Amino acid sequence: MRILIHENSDRLDKWTAYYIAAKIRAFNPGPSKPFVLGLPGGSSPVGIYRYLVDLYQKGIISFKNVVTFNMDEYVGIPE
């Protein structure tokens, strides 16, 4: 396990977004080989998502062949 310490949450968000983008690009997804990405809910990842949107708008990353699923934290919550 690698532990990274960043100056603040914004730096962590940016680092994480660029890390995800690099993984997608290195995987080189295509129609028959999509990149699968689990996206957590809640407010914690909002900054990461903002940076990912920015990278997309700048043409640095494409989500064309990326399949996502949302992860939610329902453990222990009554029906």
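**Terms and values**

Visitor: Why is Lys23 called partly exposed?

Guide: Lys23 has a relative accessible area of 41%. Buried means under 20%, exposed means over 50%, and partly exposed is in between, with a 1.4 Å probe and protein chains only. Lys23 lies in helix H1.

Visitor: What makes a stretch of residues a helix or a strand?

Guide: Both are DSSP runs numbered from the N terminus: helices are H or I with at least four residues, strands are E with at least two. The protein has two helices and two strands, in the order α-β-α-β along the sequence.

Visitor: How do you know how far the model can be trusted, and what is the mean pLDDT?

Guide: This is a predicted model, in which local features need pLDDT of at least 70 and side-chain atom pairs count only at pLDDT 80 or more, while totals for chains, interfaces and linings use all residues. Residues are numbered from 1 along each chain as its sequence is written, and side-chain values use heavy atoms, without hydrogens and water. The predictor's confidence in each residue, from 0 to 100, is the pLDDT. Its mean for the protein is 92, and 96% of the residues reach 70 or more. Where pLDDT is low, the predicted coordinates should not be read in detail.

Visitor: Why is Leu55 called buried?

Guide: The relative accessible area of Leu55 is 1%. The limit for buried is under 20%, so Leu55 qualifies. Of the 79 residues of the protein, 25% count as buried. Leu55 belongs to helix H2 and touches Ala17, Tyr18, Ala21, Ile60 and Ile61, leaving aside residues up to four places away in sequence. Touching, or contact, means heavy atoms within 4.5 Å.

Visitor: What makes a set of residues a nonpolar core?

Guide: Its members are buried Ala, Val, Leu, Ile, Met, Phe, Trp, Tyr and Cys residues, joined through side-chain atoms within 4.5 Å. The largest core here has 13 residues, and those with the most contacts inside it are Ala17, Ile20, Ile24, Leu37, Leu52 and Leu55. Helix H1 (9-27), strand E1 (35-40) and H2 each give two or more residues to this core. Leu52 touches Ala17, Ile20, Ile61 and Phe63, again leaving aside residues up to four places away. In soluble globular proteins, nonpolar side chains tend to be buried together.

Visitor: Which residues form the nonpolar patch on the surface, and why does Val67 count as partly exposed?

Guide: The patch consists of Val36, Val67, Phe69 and Met71, with about 350 Å² of accessible area together. Such areas come from the Shrake-Rupley method with a 1.4 Å probe; for residues, only the protein chains shown count as cover. Patch residues need over 30% relative accessible area and no salt bridge; like charges are joined within 9 Å, and nonpolar side chains (Val, Leu, Ile, Met, Phe, Trp, Tyr) within 5 Å. Val67 has 42% relative accessibility, so it is partly exposed and passes the 30% limit. Val67 is in strand E2, and E2 gives the patch its largest share, three residues.

Visitor: How do you know that Lys58 forms a salt bridge with Asp54?

Guide: The rule asks for a side-chain nitrogen of Lys or Arg within 4 Å of a carboxyl oxygen of Asp or Glu. For Lys58 and Asp54 the closest N and O atoms are 3.0 Å apart, so the pair qualifies. Lys58 is exposed at 54%, and Asp54 is partly exposed at 26%.

Visitor: How many salt bridges does the structure hold?

Guide: It holds two. In the other pair, Glu7 and Arg11 have their closest N and O atoms 3.6 Å apart, so they also meet the rule. Glu7 is exposed at 65%, whereas Arg11 is partly exposed at 47%.

Visitor: Why is Asn28 called exposed?

Guide: Asn28 has a relative accessible area of 57%, which is over 50% and therefore exposed. Asn28 sits in the loop between H1 and E1. Its phi is positive, about 55 degrees, although Asn28 is not a glycine.
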